[in-house]
Amino acid sequence: MALSADYWAKIDPDSVPEIVSPIPGPTSEELNRRGGAHMIGYSSQVRLCPVAFESGHGVTLTDVDGNRYIDFSSGIYVTTLGHCHPKVSEAVADAARTLMNAHDFNTPVKVELLEKLAEVQPWDLTGMQLYDSGTTAVEAGLRVCRAATGKTEFISCFMDFHGKTGHAVSLGRMDPVSGPGRTQGFYLVPRPDPYRPTFTGPNGEIDTDAYLDFYAEFIDNATTGQVAAFVLEPIQGWAGSILPPDDFFPRLREFCDEREILLMADEVLTSMARTGKYFCMEHWDTAPDVVTIGKGFGNGFPVTAMLVSERYKESIERISASTSYGGNPMACAAALASIEAIEEEGLLDHALELGEFMLQEMRAIRDRHQIVGDVRGVGCLLGIELVKDRETREPFEEAGRMVYRRAFEKGLAWVPAWHILRMSPPIVMQQEVAAKGLAIIEEAIDEVERELGY
Ligand SMILES: Cc1ncc(COP(=O)(O)O)c(C=O)c1O
């Protein structure tokens, strides 16, 4: 669905990007010096291109030195509806003037949000609780799975990311600081990655059944048999926009049902229109028992949720579910306005169409550049994987860093992941602006290829 001619986030494609100073410029450098004297631990996204941002409007970001970027990051998959969507900003401002916190007492806006969420979820996820970070929602989801099943263990996948507190960390890839003490009863298994399959059939095609056979063996041999849930990202975000084969989730659903194991979908990154659906699992018509959502849910305002199927929702009573900020009126107003905007502006369809257009362009880029091994995505959650050699598929981390930085310096704000370049443009972007962003990426790839002798 095309955006209307006077749509608030529409811009003249010729007006972006606009580079007026070095990147990072002097004001960014000064802010980094002052901020960096105290705040330690910036992400690689910042370290590789340390600009300081002043403002955002729709699909563009402006740094403190006046450079204006096309935004392919949405913060970090957060401002899905564009920076400062007028409906969302006004709703938050209104709530901030009326009532900022009432603990977990009901408020009109909270009840409206819960009812709206119940309406847009396509399954029977009628039990809900609201939180203020994705991680907290994930932790609550784990507690619900335990309360619902009476079982204690969890299985997630290699390269997963589910947050940075104790149990959430234990669901993901470990590093020497988070580990080696993975919480007991948390296990990781390989997950089908069509570009880098662990188990393949006779013709090299990915073999989903072999993964499930392995899971069965793994449960029998490595766990105590007390597995409460499989916890999965529908598309692995942090790992580099890795999509599963289409039969994976339907088959895993059957696998879980046969063993009375719950299926918890961590949709913190993938939900609320990012992939052109409210819930990414809709792409595979697979109903989870527990779902966590966040990031784009409040389009930048910290609001997240855990949703539980009708069958298990009473378990929420048993986990002491409430928090200080969860469901505060500003958060609820942001989330409600975001869902209403998605509905009113036809943004699910637009996200799908924009994603399809971008994927087509990305395939053409892959065909023109030998360091591009794979391109993939659905809706506005996309990735480009760089390799040293298309045959061996050896990851090309140096090129990943170089292409990220080059494109950033040319006016594209986006997200690195080693050799994989991640894109999550606001779904309110026009095709012409997305095409410009992709042209910047191709120019950067071209330069890096030549510099590295390809
Ligand atoms: C799939 C997934 N789960 C959980 C989280 C944690 O969310 P938050 O950073 O809001 O705590 C993230 C964050 O990137 C995520 O991608």
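Residues are numbered from 1 along each chain as its sequence is written. Because the model is predicted, local features need pLDDT of at least 70 and side-chain atom pairs count only at pLDDT 80 or more, while totals for chains, interfaces and linings use all residues.

The chain falls into domain 1 (13–77 + 348–451) and domain 2 (86–344), with bounds from an automatic or database domain assignment. Taken over C-alpha atoms, the centres of domain 1 and domain 2 are 26 Å apart. Between them, 22 residues of domain 1 are in contact with 20 residues of domain 2 (C-beta atoms, placed from the backbone, within 7 Å). On the domain 1 side, helix H3 (74–77), helix H11 (347–368) and strands E11 (372–378), E12 (381–386) and E15 (420–423) each give two or more residues. Helices (H or I, at least four residues) and strands (E, at least two) are DSSP runs, numbered from the N terminus. That side of domain 1 has eleven nonpolar, six polar and five charged residues; Ala, Val, Leu, Ile, Met, Phe, Trp, Tyr, Cys and Pro count as nonpolar, Asp, Glu, Lys and Arg as charged, and the others, Gly among them, as polar.

The ligand has 14 residues around it, of which Ser133, Gly134, Thr135, Gly163 and Val268 come nearest (C-beta atom, placed from the backbone, within 6 Å of the ligand). Helix H6 (residues 134–149) supplies the largest share of this shell, three residues. By class, the shell has five nonpolar, seven polar and two charged residues.

Helix H10 (residues 329–344) is mostly covered, with 13 of its 16 residues buried (20 or more other C-beta atoms within 10 Å of the residue's own, all placed from the backbone). Just after H10, Gly346 takes a positive phi of about 60°.

Terms used:
Contact = placed C-beta atoms within 7 Å. Buried ≥ 20, exposed ≤ 12 C-beta atoms within 10 Å, placed from the backbone.
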